[in-house]
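Grab a pencil and work through a couple of exercises on the model shown here. Try each one yourself before reading its solution.

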Amino acid sequence: MNTPQANLPGASPPVPKLLYVVDDEPVLLELTATILEPLGYRLQTFRDPESALRTYAAAPRRPDLLITDYAMHALNGMDLIAACRRIAPQQKVLLVSGTVDERVFRDSATKPDHFLAKPYQARQLIELVQALVAD
């Protein structure tokens, strides 16, 4: 039986999964952090997609998952997904929305890895995040 590397004496602890969360509603950013941070995820939150994109483009490490709302001010979630995927085509993305459904990306060349309708249960978010960031 092989012992996982993380359990060996002197081994480095695993690097927490990095999640970017983009939503123009501060209370929803706080709610997402309240749900996911206790599970060991490291979150970087953004209230506007433009600052998220600037940070994404300049980051030495891409997030393991991008969680973005659809309806935001100057740039919507689908625009953000397309811009991030131009930089890193394999970027995992969860699109959330209370204003649109999956039809918004049906005919789009760029699609999120999963869609979650608002309002959602904490368990739904947790299960999707775990599945999307699984190694």
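Predicted model: local features only at pLDDT ≥ 70, side-chain atom pairs only at ≥ 80, totals over all residues.

Residues are numbered from 1 along each chain as its sequence is written, and side-chain values use heavy atoms, with hydrogens and water left out.

**Exercise 1.** Work out which residues of helix α1 are buried and where they sit on the helix.

*Solution.* Start with the list: in α1 (residues 26–36), Leu29, Thr32, Ala33, Ile35 and Leu36 are buried (under 20% relative accessible area; exposed is over 50%, partly exposed in between, with a 1.4 Å probe and protein chains only). Next, look down the axis of α1: the buried residues fall within an arc of 165°, so they line one face (the arc is that of the directions from the helix axis to the C-beta atoms).

**Exercise 2.** Describe how the rings of Tyr20 and Tyr56 are arranged.

*Solution.* First the geometry: the ring centres are 6.1 Å apart and the planes at 80°, so Tyr20 and Tyr56 pair edge-to-face (rings of Phe, Tyr and Trp, its six-membered ring, pair with centres within 6.5 Å; planes under 30 degrees apart are stacked, over 60 edge-to-face, the rest tilted). Now place them: Tyr20 is in strand β1 and Tyr56 in helix α2 (residues 49–58), so the pair ties together parts 36 residues apart in sequence. Both Tyr20 and Tyr56 are buried. Lastly, ring pairs link Tyr20, Phe46 and Tyr56 into a cluster.

Conventions
Helix = DSSP H or I, 4+ residues; strand = E, 2+ residues; numbered from the N terminus.
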